[in-house]
Amino acid sequence: MGHKYAVPRLWSTQMGEVVAKQNELAAGAYVTGQSLEEMRQAYRAERAFWNEGGPSVAMCADRRVPTRYGEVRVRHYRPSDQGSLPLIVFMHGGGWVVGDVDTHDRITRTLCHLTEAAVVSIDYTLAPDARFPQQIHECRDVVAHIRDRAEEWGVDPDDISFAGDSAGANMAAATMLMMRDEESLSTVRTMLLFYGAYGLKDSMSMRLLGGTWDGLTEEDYAYYLGQYFADPANADDPYFNILGADLSAGIPPCYIVAAGLDPLRDDSRTLVEILDLCRVPHLYNEVEGVIHGFLHHSKMLDQTMEVLNEAARFFTEHPIHR
């Protein structure tokens, strides 16, 4: 039996129960050999269960925001109807190929509730319907549009944070870096990055972990990158290869989360080492006994809410210094 098949013996009891439930809900949700529409439907069906319940917020409304490629949908959450609030911009995961604001609704709603900030979740164009860097440009344009109309959106244009999970964590970091490089953002409060892909092409965790339970075998990951990139050379672009970007200046305090049984675990470990060398304030949490995607599982997995509460504390403890 291959070493990757040892992973089920290493995950926590609750994590095992979650995997059994996700297999019951949609056994094909993470199979990359099917059509794009089949993948997307299976993913939506499996995620629907995990998005039930959770905290309520004062406002949750979908809006259309113009970008250079046309309008994209965003979901705007507010913990209260009054005042100018900090803004957290969230990019959802799903390998750039699946997912939307609905599949991540409970995560973003919970972040709004816990941080008492406004949250905008971006429904960027999925790959391969669009290819890198269109998705980054769309997210950048959404942030710029909201900042230009901050009073209309009820947000502080100088108190912006970026957040995302998995592929979305990569995009959140890339969008922040793009806006830093073009000098269109004067201040960033925090980045909240959950089990992201940051540019490693090989690692110990990629060799040892990943399977049918998370859809992240080496072949699966190559499939997702092949959908995202029109040119394989894009893997070296600093707006994808975050580990190869200049992180020596203009980086806000970062909350970095890795799953202990995730093939992308070492991407987070490496990012944390670079932040340490660059003296960027950060907090790293490697959650043992869980697999990639565990942020969805707050209905059954205690560690999910522990991480989201810690993210909210990190956000609260790092206000903008004016």
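In this predicted model, the axes of α2 and α3 come within 9 Å and cross at roughly 130 degrees. That angle makes α2 oblique to α3, because angles over 145 would count as roughly antiparallel and 65 to 115 as roughly perpendicular. The crossing of α2 past α3 is right-handed. On the α2 side, Val18, Lys21, Gln22 and Leu25 make the contact. On the α3 side, the partners are Glu46, Phe49 and Trp50.

**Helix α2**

Helix α2 covers residues 13–25. Which of its residues are buried? They are Met15, Val18, Val19, Lys21 and Gln22. These residues span an arc of only 165 degrees around the axis, so they lie on the same side of α2. An α-helix has 3.6 residues a turn, so residues three or four places apart point the same way. The buried residues of α2 pack against α3, which runs 36–50. Thr13 and Glu24 are exposed, on the face of α2 turned away from the buried side.

Asn23 also belongs to helix α2. Is Asn23 buried or partly exposed? Asn23 is partly exposed, because its relative accessible area is 41%, and that value falls between the 20% limit for buried and the 50% limit for exposed. Pro55 is 32 residues from Asn23 along the chain, and their C-alpha atoms are separated by 26 Å.

**Helices α5 and α7**

Helix α5 takes in residues 134–148, and helix α7 takes in residues 167–181. Their axes are 9 Å apart and pack at an angle of about 65 degrees. This crossing is right-handed. From α5, the contact uses Gln135, Ile136, His137, Cys139, Arg140, Val143 and Ala144. From α7, it uses Met171, Ala174, Thr175, Met178 and Met179.

How many of the 15 residues of α7 are buried? The count is 14, and α7 is mostly covered. Glu183 follows α7 and has a positive phi, near 60 degrees.

**Helix lengths**

The table sets out the spans from first C-alpha to last.

| Helix | Residues in helix | Span | Expected span |
|---|---|---|---|
| α2 | 13 residues | 19 Å | 18 Å |
| α7 | 15 residues | 21 Å | 21 Å |

For α2, the span is close to the value expected at 1.5 Å a residue. The span of α7 is likewise close to its expected value.

Note on methods:
Residues are numbered from 1 along each chain as its sequence is written. This is a predicted model: local features need pLDDT of at least 70, side-chain atom pairs count only at pLDDT 80 or more; totals for chains, interfaces and linings use all residues. Side-chain values use heavy atoms; hydrogens and water are left out. Helices (H or I, at least four residues) and strands (E, at least two) are DSSP runs, numbered from the N terminus. The expected span of a helix is 1.5 Å times one less than its number of residues. Buried means under 20% relative accessible area, exposed over 50%, partly exposed in between (1.4 Å probe, protein chains only). The arc is that of the directions from the helix axis to the C-beta atoms. Contact means heavy atoms within 4.5 Å. Axes are lines fitted to C-alpha atoms, for helices over the stretch in contact, and angles run from 0 to 180 degrees between N-to-C directions. Angles under 35 degrees count as roughly parallel, over 145 as roughly antiparallel, 65 to 115 as roughly perpendicular and the rest as oblique. A crossing is left-handed if the near helix is turned anticlockwise from the far one by less than a right angle, and right-handed if clockwise.
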